[in-house]
Protein chains: 2
Amino acid sequence: MTEISLHRPFPAHEVAAWDYETDVAVIGFGAAGACAAIEAAGAGARVMLFERNSGSGGASALSGGEIYIGGGTDAQKAAGFDDTTEALAAYLKLAGGPCADEAKCDLYAAEALDHYAWLKAQGVPYRGNYMPGKVIEPTDDSTLIWSGSEAAAPFCDLATPAPRGHVIQHMGWGGGRPLVDILEAGARERGVEIVTDARAVALVRDGERIVGAVMRIDNQNRFVRAAKGVVLAAGGFVMNEGMRRKYCPDTFRIADPIGDKDDGSGIELGVSAGGDAIHMDQFFTTCPWTMPEPHAKGVFVNIAGQRFINEDCYHGRVSRTAVDQPGGKVYLLLDSAHFEQPPEFARVSIAGTGDTWEEVEAELEMPAGTLAATMAFYNAHAREGRDPLYGKRTPILVPLDQGPFVALELDFQASYFSFFTLGGLKTSVDGEVLDRGGTPVPGLYAAGRCTSGLPAWGHGYSSGMSLADCTFFGRRAGRKAAA
Amino acid sequence: MTEISLHRPFPAHEVAAWDYETDVAVIGFGAAGACAAIEAAGAGARVMLFERNSGSGGASALSGGEIYIGGGTDAQKAAGFDDTTEALAAYLKLAGGPCADEAKCDLYAAEALDHYAWLKAQGVPYRGNYMPGKVIEPTDDSTLIWSGSEAAAPFCDLATPAPRGHVIQHMGWGGGRPLVDILEAGARERGVEIVTDARAVALVRDGERIVGAVMRIDNQNRFVRAAKGVVLAAGGFVMNEGMRRKYCPDTFRIADPIGDKDDGSGIELGVSAGGDAIHMDQFFTTCPWTMPEPHAKGVFVNIAGQRFINEDCYHGRVSRTAVDQPGGKVYLLLDSAHFEQPPEFARVSIAGTGDTWEEVEAELEMPAGTLAATMAFYNAHAREGRDPLYGKRTPILVPLDQGPFVALELDFQASYFSFFTLGGLKTSVDGEVLDRGGTPVPGLYAAGRCTSGLPAWGHGYSSGMSLADCTFFGRRAGRKAAA
């Protein structure tokens with residue numbers, strides 16, 4: 001008998017008896033799996049949803065419950081922003097950088113308003129108001145925030161900016177949990193059969209077609225027949241060190257994986273069936289350096305005392321570029337008008353202080369004339385409202401000239417740099433898993449972070465892009481599987 | 001009948017008749033395939049070698065015929081260098097960076113002297129002398145050159161430096177062609193049956209085992225039975241734009257792929273059999289900026305006027321880091337004591353000149369106080385023999401203070417940045433193709449640039465590493481397949 005393996009589909013003809021029979025089997029109960037299940041059931045299919053934990057959630061439930069939506073939502077309009085489909089599509093492509101899937105960007109942009117309406121119809125509440133400023137997640141239950149680099153150079157020159165982070169109405173951080181709760185309720189209402197503590201260990205193939213999966217339940221292999229298809233929604237591979245070593249070794253520069261059981265099994269299953277895993281080197285990372293908010297006006301330098309980014313960009317883009325810098329750390333420079341005690345969880349330390357930037361430079365043991373020259377140049381132009389090097393703009397652009405001064409150290413290992421992987425299965429806009437020749441693998445679908453989707457490029461990630469991708473393309477995968 | 005595809009092994013039971021029968025089938029006639037064939041035949045196996053071109057060569061024949069060898073060769077000793085196995089292993093690991101395969105580095109270092117003796121025994125001639133200085137390939141028939149970043153910070157502080165580029169005795173550039181000619185002769189002497197104009201279109205599998213391949217010959221599919229195994233040695237994927245888009249999109253920043261028929265088919269065949277393709281985002285690139293040699297004393301800045309590398313490093317490391325810089329170009333700064341006309345094929349242009357660095361800065365339309373400040377800082381320390389930012393050392397470290405001054409523009413698209421891919425199949429030190437669980441795929445072996453080997457990391461590549469990898473691990477793959 002063929003071995004049960006993530007790396008090889010199990011032959012259907014060797015299945016002695018099916019333990020479960022359904023039309024669509026969804027693997028993974030985060031936002032992507034929940035949306036796939038809702039839509040597959042809504043299309044009339046029998047749906048079973050398998051989750052290895054004892055309940056729903058996945059990495060989605062660890063998130064802020066923020067979804068990247070634009071093109072002119074009620075919240076955008078109420079706040080006076082004239083966002084368009086075209087501007088949204090353009091920004092999504094910039095955010096995807098060299099990894100952008102243009103078809104996914106265009107389709108999402110075209111249907112973003114419908115998707116927003118769908119989310120509301122599921123019961124996701126939005127207060128509808130706009131919270132300006134640099135916030136990672138709203139501190140109250142506000143809806144709309146700037147969640148990317150839209151207003152920062154070079155993005156603002158290439159796509160008309162608008163805030164697009166739409167956050168579920170929920171007090172403070174952690175809106176991901178209630179978001180998944182609502183999606184779970186929707187799945188249950190539609191009769192989706194949910195099986196928890198069930199881990200996928202193999203797909204089942206009949207000829208060319210994926211016809212089911214082998215699930216590990218109560219320490220037994222259970223055979224699930226899925227007449228119409230299997231939807232993989234099992235997350236990325238941030239928790240799998242072996243996979244990271246092979247495909248994404250730069251993540252070892254930083255120390256704080258964020259995820260649930262994201263062990264890459266969804267990707268492995270897809271590849272076992274002939275699927276194509278792409279952009280596997282890409283990862284998101286961020287350090288919460290904009291907290292407290294005055295720190296957003298700080299200046300970053302590398303160990304050579306050089307600036308390297310427009311600090312007005314999304315905190316994740318700044319952090320991702322920071323992690324590219326040599327020497328294992330960067331410094332955030334602040335003056336007395338802007339320094340406040342950083343939050344303890346950020347684990348940033350004060351590496352140098354001084355009444356002048358020259359003194360700070362000396363404390364950091366940087367050669368004289370490096371950091372001090374950088375800051376003299378920066379301040380001289382900031383007073384004129386210009387940043388000739390990186391295009392930083394007001395109100396973030398202010399001179400840092402009120403001593404005493406401080407340099408915070410963001411050490412890639414010691415400080416909090418959370419990260420998760422972005423590479424995964426190549427899928428069509430309908431969630432079909434594509435083989436290396438570009439042909440759909442019959443009966444196999446995928447969504448969420450076991451795919452490469454809207455958030456494809458670490459340097460372009462913006463908050464809410466992953467949940468946008470999970471929910472929108474999760475829905476499409478479910479519909480296609482049920483068709 | 002199953003379709004013939006790079007993406008799926010053809011079932012042996014569907015093979016109506018075998019057109020060829022052999023013990024070991026080698027696919028690809030560059031250095032890796034030739035060495036595999038020589039060793040398999042030497043071990044007593046019947047060997048057939050298939051090549052899609054009309055003769056041997058592959059990318060190996062386009063190279064300089066330079067092999068990275070150390071640990072105390074005759075040429076190293078004659079030149080007064082006390083290289084050791086440990087120093088070689090340490091450098092190989094640094095050069096592999098986050099992608100290093102430590103087992104391959106250690107084994108190669110331990111056996112490098114034996115491998116050198118084997119190459120000589122095949123008839124590869126080495127004049128045995130040392131040519132000092134910064135040379136891409138020897139201008140005459142010298143043997144030993146510095147071909148990496150061994151003597152440059154930070155490498156020199158972490159591994160005892162020695163020159164290790166061993167070049168076949170051959171006047172001027174292009175030693176790769178005569179190297180492959182010698183290996184071809186060795187294969188023919190050992191009775192290897194060579195079939196040219198034969199393109200691999202599928203592997204053949206019997207149960208779990210690869211037992212042959214389907215070759216396209218004279219516009220017909222020909223079935224090759226390989227009783228002991230198939231060795232993939234078909235090169236990288238630099239000539240396959242679709243694969244580059246999916247796995248290595250940063251290569252589109254530059255414009256000059258260098259390779260033969262490197263279309264990734266070797267990687268695709270390996271993956272089709274369950275093989276694991278790793279570090280697919282990695283690529284080598286270089287611009288011949290050290291030509292003429294006085295230019296090696298130049299200083300690189302990005303569009304912000306910042307230095308970004310110790311320019312004493314290997315030209316490829318400098319070029320690879322250059323391509324990371326924003327804005328699509330970098331500048332090489334020279335003074336009148338060092339500027340000479342660059343070679344036409346480098347396609348670098350003069351972007352700015354001036355009697356002072358301030359004038360150059362203005363011509364480049366950089367903000368005042370950027371490039372000029374960088375050069376004032378650099379020159380002040382160079383006069384003291386120091387480079388506090390990047391650890392550049394004499395004799396490369398000289399003040400550039402003899403006007404007039406010049407800034408050469410290295411545009412990533414317009415200038416000559418050659419590149420090839422480094423990602424590929426994961427193999428054991430014996431050339432076994434490993435599946436995603438780390439288990440050898442029975443009957444399948446691989447070597448050369450369709451694998452991830454010694455040259456695994458674009459930022460650490462050094463000349464001769466790919467041919468070292470191709471010849472050494474090609475030999476091992478051939479021996480293992482024949483065993």
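Which residue forms a salt bridge with D157(A)? In the predicted model before us, the partner is R393(A), and the closest N and O atoms of the pair are 3.0 Å apart.

The domain assignment divides chain A into domain 1, covering 1-287 + 418-483, and domain 2, covering 289-411. Their C-alpha centres lie 35 Å apart. Contact between them involves 28 residues of domain 1 of chain A and 27 residues of domain 2 of chain A. About 2300 Å² is buried between these domains, with carbon and sulfur atoms giving 53% of that area. Of the area that domain 1 of chain A buries against domain 2 of chain A, K134(A), C287(A) and H459(A) supply 33%, more than any other three residues.

As for polar interactions, the rule finds three salt bridges across this domain interface, and 15 residue pairs in polar contact, both residues at pLDDT 80 or more. On the domain 1 side, strand β13 of chain A, residues 283-286, gives the most, with four residues. By class, that side has 14 nonpolar, 10 polar and four charged residues.

I now turn to helix α7 of chain A, residues 265-272. Eight of its eight residues are buried, so the helix is largely enclosed by the rest of the structure. Among the elements of chain A against which the buried residues of α7(A) pack are β8 (198-206), β10 (220-232) and α6 (241-247). After α7(A) comes G274(A), whose phi is positive, near 105°.

E268(A), a buried residue of α7(A), meets R436(B) in a salt bridge, at 2.4 Å from N to O. Between chain A and chain B the count is six salt bridges, together with 16 residue pairs in polar contact, both residues at pLDDT 80 or more. On the side of chain A that touches chain B, α6, α7 and β12 of chain A each supply at least two residues. The largest share, four residues, comes from α6(A). By class, this side of chain A has 16 nonpolar, six polar and 12 charged residues.

Finally, the extent of the chain interface. In all, 34 residues of chain A are in contact with 34 residues of chain B. The area buried between the two chains is about 2800 Å², and carbon and sulfur atoms give 52% of it. K246(A), Q306(A) and R436(A) supply 24% of the area that chain A buries against chain B, more than any other three residues.

Note on methods: Residues are numbered from 1 along each chain as its sequence is written. Chains are lettered from A and ligands numbered from 1 in the order in which they are written. This is a predicted model: local features need pLDDT of at least 70, side-chain atom pairs count only at pLDDT 80 or more; totals for chains, interfaces and linings use all residues. Side-chain values use heavy atoms; hydrogens and water are left out. Domain bounds come from an automatic or database domain assignment. Contact means heavy atoms within 4.5 Å. Buried area is the accessible area (1.4 Å probe) that two parts lose on being put together, summed over both. A salt bridge is a side-chain nitrogen of Lys or Arg within 4 Å of a carboxyl oxygen of Asp or Glu. A polar contact is a pair of N or O atoms within 3.5 Å; within protein, one must be able to donate a hydrogen and the other to accept it, and residues adjacent in sequence count only if both atoms are side-chain atoms. Ala, Val, Leu, Ile, Met, Phe, Trp, Tyr, Cys and Pro count as nonpolar, Asp, Glu, Lys and Arg as charged, and the others, Gly among them, as polar. Buried means under 20% relative accessible area, exposed over 50%, partly exposed in between (1.4 Å probe, protein chains only).
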